Amino acid sequence: MTLVSPRATRALLIALVAAAAIVSGALAAPGDAKAARGMELAIQDDGLFLQGRKGWGGERAFDYIRSLGVTRIRVNLLWAYTMGPSQYGARKKPKQIYYQFGQVDELIDRAAKNGIRVHLSLTGPAPRWANARRAATPKAWYKPNAREFGLWSDVVAKHFAGRVDRYSIWNEPNWKTWLGPLKAAPSIYRGMYSRAYKAIKAADPRAKVLIGETSPYSRPGFSTAPLAFLRAVTCVDRNYKRVRSCTKLKADGYAHHPYDFSHAPAFQYPGDDNVTIGTLGRLTRALDRLSRSGALRFAGGGRMPLYLTEYGYFASGHRALPKNVRSRYLKQAYSIALKNSRVKSQLQYLLVSPPRGSRASFFDLGLASTSGKRNVGYTALQSWYRGNRGKVKRPGAAITLPPAPPQPVG
């Protein structure tokens, strides 16, 4: 993620995090009950790891997450903001685009020194010249141009080849303010995903590409239930029978955000097409049916793995649970993920609470205060990790990566 003005970058990132935050199994299905040995523990906090926070210099943040067993950092790479304002704000595509991936390059190197890899989620907003309304960002979620997104994905994959080993395509495409309009979103997403998958695999065949990144449940006027969205993307009906000819898709895994802020993790959230941490079986069964139909298959053969790429509970605000409840629920949720053999990664969204008064402060899932004081969420996950060290991946020695190439011009 890269911007000309750090101040502008921070404001735009906060606005996008706030927009995503508004959104946001059955017990494991048969065959999912074996412990997922080597499950990855992950974290995302773009404001901290990309922009930095006062008092969090040096290796402090990495010391905190290594104590939680984190081996992966997810980052939203925002399409428009990988170029300067005069370029992403132009009505006509510039003849030359000067991409700026410097902040991400720096994070990749810092993470590698701590034995941690980076996962890039390629997402909007789209540049002004690449959305149907020619809207200025950050409202450029309306009908982004799939061809242009594929070309950008090619630039990204070539730049980060050998340094990033996992990508996912578009954050919460079933949520209106990330991709719209809702009715057209599945077909738009199918076009973007298929082009991005092809571009990434051509540039770096070893890199994994995840489909989905879906939010957990339907909210009328704002989001489509994830399984209804997935069926529309893959052109099948409620019985998972193909209803029309469209692109058959492959993926290296399905990424999902199984939030449920109000209930115990094992709660059977209503609605057959909704998928929370307690109803992951709905998703695995759907993916198995899609695989049998040929509409969506695991590129490695066999059953599609799951990557739970956002999760957490509110640490402040009216949606915050009592401390002892929050602590217990986090441990229970992580245990549900671990017991499901399809789950390869479980991610905590936010390490540090957003600053008070900021536009993102209402979506506080942080494990520590801005000053660094650990809360019950941190203590719970640290305790859980220590009790399951033999069943999950653990941070290791520094990772050797090729050096970052020059910033691309396209």
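This is a predicted model: local features need pLDDT of at least 70, side-chain atom pairs count only at pLDDT 80 or more; totals for chains, interfaces and linings use all residues.

Which residue in strand 3 is the bridge partner of Arg 72? The partner is Arg 117.

Strand 2, residues 72-78, and strand 3, residues 117-123, run parallel and are joined by 7 bridges. In general terms, the strands of a sheet pair through backbone hydrogen bonds, in either a parallel or an antiparallel manner.

The largest nonpolar core comprises 116 residues, and Leu 120 and Leu 351 have the most contacts inside it. The element that gives the most to this core is helix 7, residues 185-203, with 8 residues. What does Leu 120 touch, if residues up to four places away in sequence are not counted? Its contacts are Val 75, Leu 77, Val 104, Val 156, Phe 160, Val 164, Arg 166, Tyr 167 and Ser 168.

One of those contacts, Val 104, is also a buried residue of helix 5, and I shall consider that helix next. Helix 5 covers residues 102-113, 12 residues in total. From its first C-alpha to its last it reaches 17 Å, close to the 16 Å expected at 1.5 Å a residue. Its buried residues are Val 104, Asp 105, Leu 107, Ile 108, Ala 111 and Ala 112. Viewed down the helix axis, these buried residues fall within an arc of 165°, so they line one face of helix 5. What covers the buried residues of helix 5? The cover includes helix 2 (46-51), helix 3 (60-66), strand 2, strand 3 and helix 6 (146-160). After helix 5 comes Gly 115, with a positive phi near 75°.

Finally, I would draw your attention to Ser 291, which is found in helix 9, residues 280-293. Is Ser 291 buried or partly exposed? Ser 291 is partly exposed, because its relative accessible area is 22%, and buried would mean under 20%. Apart from its neighbours within four places in sequence, Ser 291 is in contact with Leu 296, Arg 297 and Gly 302. Between Ser 291 and Asp 63 there are 41 Å in space, C-alpha to C-alpha, and the two are 228 residues apart in sequence.

Thank you for your attention.

Technical notes. Residues are numbered from 1 along each chain as its sequence is written. Side-chain values use heavy atoms; hydrogens and water are left out. A nonpolar core is a set of buried Ala, Val, Leu, Ile, Met, Phe, Trp, Tyr and Cys residues joined through side-chain atoms within 4.5 Å. Buried means under 20% relative accessible area, exposed over 50%, partly exposed in between (1.4 Å probe, protein chains only). Helices (H or I, at least four residues) and strands (E, at least two) are DSSP runs, numbered from the N terminus. Contact means heavy atoms within 4.5 Å. Two strands pair if DSSP finds at least two bridges between them. The expected span of a helix is 1.5 Å times one less than its number of residues. The arc is that of the directions from the helix axis to the C-beta atoms.
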